[in-house]
Amino acid sequence: MRFRMGWRSAWAVALLMAAGGAWAASGSKLKQRADKLASEARALANPRGCEQVAECAVAGFGHKACGGPREYIGYCTRTTDVKALRSKLDALEKAERAWQREAGIKSNCGLTRKPVPRLEEGVCLAR
């Protein structure tokens with residue numbers, strides 16, 4: 001027996017699938033927690049206040065589904081509570097891993113190289 005789906009049925013299925021994917025991507029409590037931790041980590045990482053590049057540091061930020069950080073952020077070790085930042089970054093990595101598992105998120109598995117810290121006009125950069 002051959003099953004034929006009309007355009008309305010196909011459209012309804014597509015909408016339901018898209019809605020489920022959207023919920024998994026943005027509506028999950030795990031995603032909300034990861035977003036909150038990312039905001040808190042960015043607030044802790046103060047890139048200003050250094051006078052020498054040796055005072056700048058770079059840290060992995062977030063988690064790619066294939067592993068490793070999704071990006072790097074620069075910060076000034078003189079003006080940043082490094083211990084609090086590292087703790088927040090660890091929590092963020094765990095939260096993003098959990099959300100990615102829950103949502104079935106995949107990544108391109110591209111290598112994100114750790115940049116060398118730079119100091120430009122008193123601002124530490126990770127580029």
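Me: At what angle do helix α2 and helix α3 pack, and how far apart are their axes?

Reply: Bear in mind this is a predicted model. Helix α2 (residues 29-44) and helix α3 (residues 82-103) pack at an angle of about 155°, and their axes are 8 Å apart.

Me: Why is α2 called roughly antiparallel to α3?

Reply: Angles over 145 degrees count as roughly antiparallel. The angle here is about 155°, so α2 is roughly antiparallel to α3. As for handedness, α2 passes α3 in a left-handed crossing.

Me: Which residues make the contact between α2 and α3?

Reply: On α2 they include Leu30, Ala34, Leu37, Ala41 and Leu44, and on α3 they include Leu85, Leu89, Leu92, Ala95 and Trp99. Lys31 and Arg33 of α2 are also among them, as are Lys88 and Glu96 of α3.

Me: What makes strand β1 count as mostly covered?

Reply: Buried means under 20% relative accessible area, and five of the six residues of β1 (residues 56-61) are buried. For the protein, 29% of the 127 residues count as buried.

Me: How do you know that β1 and β2 pair?

Reply: Pairing takes at least two bridges. Six bridges join β1 to β2 (residues 71-76), so they pair, and the two run antiparallel. Within that pairing, Ala59 stands opposite Ile73 in β2.

Me: What order do the elements come in?

Reply: From the N terminus on, they run α-α-β-β-α-β-β, with three helices and four strands.

How values were computed. Residues numbered from 1 in each chain as written. Predicted model: local features only at pLDDT ≥ 70, side-chain atom pairs only at ≥ 80, totals over all residues. Heavy atoms only, no water. Axes fitted to C-alpha atoms, helices over the stretch in contact; angles between N-to-C directions. Parallel < 35°, antiparallel > 145°, perpendicular 65-115°, else oblique. Left-handed = near helix turned anticlockwise from the far one by under 90°. Contact = heavy atoms within 4.5 Å. Buried < 20%, exposed > 50% of the residue type's maximum accessible area, 1.4 Å probe, protein only.
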